[in-house]
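Me: I have a structure to go through with you. Can we take it piece by piece, starting with the terms?

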Amino acid sequence: MSGPLLEIRGLVAGYHRDLPIVDRASLSVGAGEVVALLGPNGAGKSTLMKAVCGLVLVIGGSIRIDGRELVGLPTHAAIAGGIGYVPQVQNVFVTLTVEENLRAGGFAEPRAVRERIAEAYRRFPLLADKRRNLGGELSGGQRQVLAIARALMTRPRLLLLDEPSAGLAPRAAQDVFAAVHGIAAAGVGVLMVEQNVKAGLGAADRGIVLVQGRPVLAGPAAALGKDPRLARAFLGEAVDAA
Amino acid sequence: MIPQLVVDGLLTGAVIALGAIGITLTLAILRFANFGYAEFLTVGGYAALSAVLAYGGTGAPLGPFSFGGFIAVALAVGLLATAVVALVSDTVVFRPLRRRGAGPLVLIFASFGLALVLRHIVLLVYGTQPEYYSREIQIAVLLPGGVRVMPDQILVLGVTVVALMMLWWLLRRTRVGLAMRAVAENTALAQACAIDPEAAIRWTWIVSGALGALAGTLFGLTVQLRPEMGANLLLPLFTAAVLGGVGSIPGAVIGGLLVGVAENLSVLVLPTSYKATVPFLIMLACFLLRPKGLFGK
């Protein structure tokens, strides 16, 4: 297949029609690529992710996955179309067991659920040990792993991770990023919002900096990390778009 | 006297528990207090009565019970009819409001309107006189401690236990139940799992409507059918749901049993005519002392 896996063009999105948070944003993510979406608080990073899933109002623009338009689809249909989404907070069902969380993740493909749960346990053995525990009984790092495993239950082509390292101890964050690399190596495109710039770029192939709802800088992760415009963008100063 | 009151209270409480489960499911998944819910008990009870009247009775009494085998068919008719009424209520009244972003207060007012409409349809069709599925005489069974219960009441308790086991199976072992529980906890995350919340909501109406119909039919079997029976049970049902903790099914069951027993024991200290105020006092105490209820999170 040619062209990017995820292609967003001129996206305008938010919670109210007259107050867009994402403002004419365009970006793309390729298969097997990890893209870090960076930016200061309130830049619209999480809103952009929610727009891809249909969880917020899309006012204008286009979101395509493998060329298929997602705008206008209800969330459950967009997700079933090949997206895995891990929200920043409340990303596991705390009243469901680990196994039930995984069953919920595989809801769109009931016939494959048993096999996918076994696959999840092989990939993340700690979940196998905790299969009867409630989601609410897991530590922050374990929850993040469960959330990722849940999102992978439908074998998505695109994984959206909203601040996967937030609130985690450095070791747990490293484990999560290692898991992300493994997922991308299997050909899954990953778009990852990350507040920790160094960690985010360290784990990504490419970085995109969003300011006031619009990408202002983009480039290979290593180069972007050294770009002096990065700090200026975070401080709210105008930068020449890359 | 006290053991008799406690046992009578448990039997009444079993019916309240079934209705309270329907209310707590609605509160947890639809996130509003559906004051029209109690009318599902009335609709279910009278739908079963229609089947009984059409058949010409419930058939020859089964053993010590007051009713014949046709009551099972009548019950199925009541469950089905009420599930349909519940679904139609959602389609006509609540779903259009949800789509326009209506808040819980608007939905509550709409549920009051629905309650009036349903109650008056029943009044219009069946009139104000009390109705019975059967007028056969039963002989009370003597239990240890001098407690007497009617065979029909024992059956009500048994049916309630079976219904609770079936509900547990539905919620814990089926895809529908998983979707309902996921939507109840976190709708956005459920959507991120490709679960359609509207489908889960439809199932909530079906299940809660059927539970209401079961409660209404069992109430009619052991007491009587009256068009205002739902309205009279509204407060005990909500009290049981609040006392148990919103969203907690075991809580609703225990809440229902406690409300039933408390109502019955109240006659020891209050005039019988004040019995109906007991659920209100329990609800008030619950709001003041433990707003999340016994098992609420």
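Predicted model: local features only at pLDDT ≥ 70, side-chain atom pairs only at ≥ 80, totals over all residues.

Me: OK. Which strands does β8 of chain A pair with?

Reply: Strand β7 (residues 158-162) of chain A is joined to β8(A) by five bridges, and the two run parallel. Strand β3 (residues 34-38) of chain A also runs parallel to β8(A), with four bridges.

Me: Which residues sit opposite each other there?

Reply: A:V193 in β8(A) stands opposite A:D162, and A:L191 is the bridge partner of A:V35.

Me: Is β8(A) buried or exposed?

Reply: Buried. A residue is buried if 20 or more other C-beta atoms lie within 10 Å of its own, exposed if 12 or fewer, and partly exposed in between, with C-beta atoms placed from the backbone. Five of the five residues of β8 (189-193) of chain A are buried, so the strand is largely enclosed by the rest of the structure. A:G189, A:L191 and A:V193 are buried on one side, A:V190 and A:M192 on the other.

Me: Which residues touch the most other members of the largest nonpolar core?

Reply: A:L160, A:V190 and A:M192, in a core of 170 residues. A nonpolar core here is a set of buried Ala, Val, Leu, Ile, Met, Phe, Trp, Tyr and Cys residues joined through C-beta atoms within 7 Å.

Me: What does A:L160 touch?

Reply: Not counting residues up to four places away in sequence, its contacts include A:M49, A:V52, A:I83, A:Y85 and A:L191. Two residues are in contact if their C-beta atoms, placed from the backbone, lie within 7 Å.

Me: Switching topic. What about the open sheet?

Reply: Its four strands have the order β2-β1-β4-β5 (chain A), with antiparallel pairing. The edge strands, β2 (19-29) and β5 (68-69) of chain A, each pair on one side only. Between β1 (residues 6-16) and β4 (residues 57-65) of chain A there are seven bridges, and A:L6 has A:I65 as its bridge partner in β4(A).

Me: And chain A overall?

Reply: Chain A has ten helices and ten strands. Buried residues make up 49% of its 242 residues. Its C-alpha atoms fill a box of roughly 50 × 40 × 35 Å along the principal axes.

Me: Now chain B. Is B:G256 buried or exposed?

Reply: B:G256 is buried, because 30 other C-beta atoms lie within 10 Å. The residue is in helix α10 (residues 249-265) of chain B. Its contacts beyond four places in sequence are B:G13, B:I16, B:A17, B:A20 and B:A240.

Me: And B:M165, buried or exposed?

Reply: Exposed, because it has 10 other C-beta atoms within 10 Å. B:M165 is in helix α5 (residues 151-173) of chain B.

Me: Last one: how many residues does each chain give to the contact?

Reply: Chain B gives 15 residues and chain A gives 21 residues. On the chain B side, α6(B) gives the most, with six residues.

Technical notes. Residues numbered from 1 in each chain as written. Chains lettered and ligands numbered in written order. Pairing = 2+ DSSP bridges.
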